[in-house]
Amino acid sequence: MSEWVVVARTDDVPVGQAIEYDHRGEPVCVARTSAGLFAFDGWCSHEECPLWEGTLTDTEIECYCHGSFFDMRTGEALVGPAVESIETYAVREQDGDIQVELP
């Protein structure tokens, strides 16, 4: 069963930035671009590099370790070496908080 979890305040994630949230020992990445707010697995599916340290574009994040690209909307691995997608999560802003629907 999923639940909405407060992961940050709205001001903690400005446009062009990503943060890590520790959810039961596993990182969740929350990123904001001009295209919106996104939440997804915090580790790259290729080598478990931290995606919150990657480079953001409108709807994609590039892993800084080996250059894999992921679509932040769907989690799809777009450019290798990663071939496995990452999990994405519903995200919303409510009353000044960023909330992610997590299992």
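Mentor: Start with A18, which stands opposite A31 in β3. This is a predicted model, where local features need pLDDT of at least 70 and side-chain atom pairs count only at pLDDT 80 or more, while totals for chains, interfaces and linings use all residues. Residues are numbered from 1 along each chain as its sequence is written, and side-chain values use heavy atoms, with hydrogens and water left out.

Strands here are DSSP runs of E with at least two residues, and helices are runs of H or I with at least four; both are numbered from the N terminus. β2 and β3 run antiparallel and are joined by seven bridges; two strands count as paired if DSSP finds at least two bridges between them. These strands belong to an open sheet of four, in the order β2-β3-β4-β9, with antiparallel pairing. Its edges are β2 and β9 (88-89), each of which pairs on one side only.

Next, the charged side chains. Side chains of opposite charge can pair when their charged atoms come close. A salt bridge is counted when a side-chain nitrogen of Lys or Arg lies within 4 Å of a carboxyl oxygen of Asp or Glu. The whole structure contains four of them.

One joins R32 to E93, with 3.1 Å from N to O. R32 sits in strand β3 and E93 in strand β10 (residues 91-94), so this contact ties together parts 61 residues apart in sequence. For cover, a residue is buried under 20% relative accessible area, exposed over 50% and partly exposed in between (1.4 Å probe, protein chains only). R32 is buried at 12%, whereas E93 is partly exposed at 39%.

Another salt bridge is formed by E3 and R24, at 3.4 Å from N to O. E3 is in strand β1 (residues 3-9) and R24 in the loop between β2 (17-23) and β3, 21 residues apart, so distant parts of the chain are linked. E3 is partly exposed, with 40% relative accessible area; R24 is exposed, at 62%.

D71 and R73 form a salt bridge as well, with their closest N and O atoms 2.8 Å apart. D71 is buried, with a relative accessible area of 8%.

Back in β3 (residues 26-33), E26 has its place.

E48 is exposed at 55% and has a positive phi of about 55°, although it is not a glycine. D95 also has a positive phi, near 55°. D95 lies in the loop between β10 and β11 (97-102) and is exposed at 71%.

Last, the loop between β8 (77-79) and β9 holds P81. A cis peptide bond joins G80 to P81, with omega about 25°.
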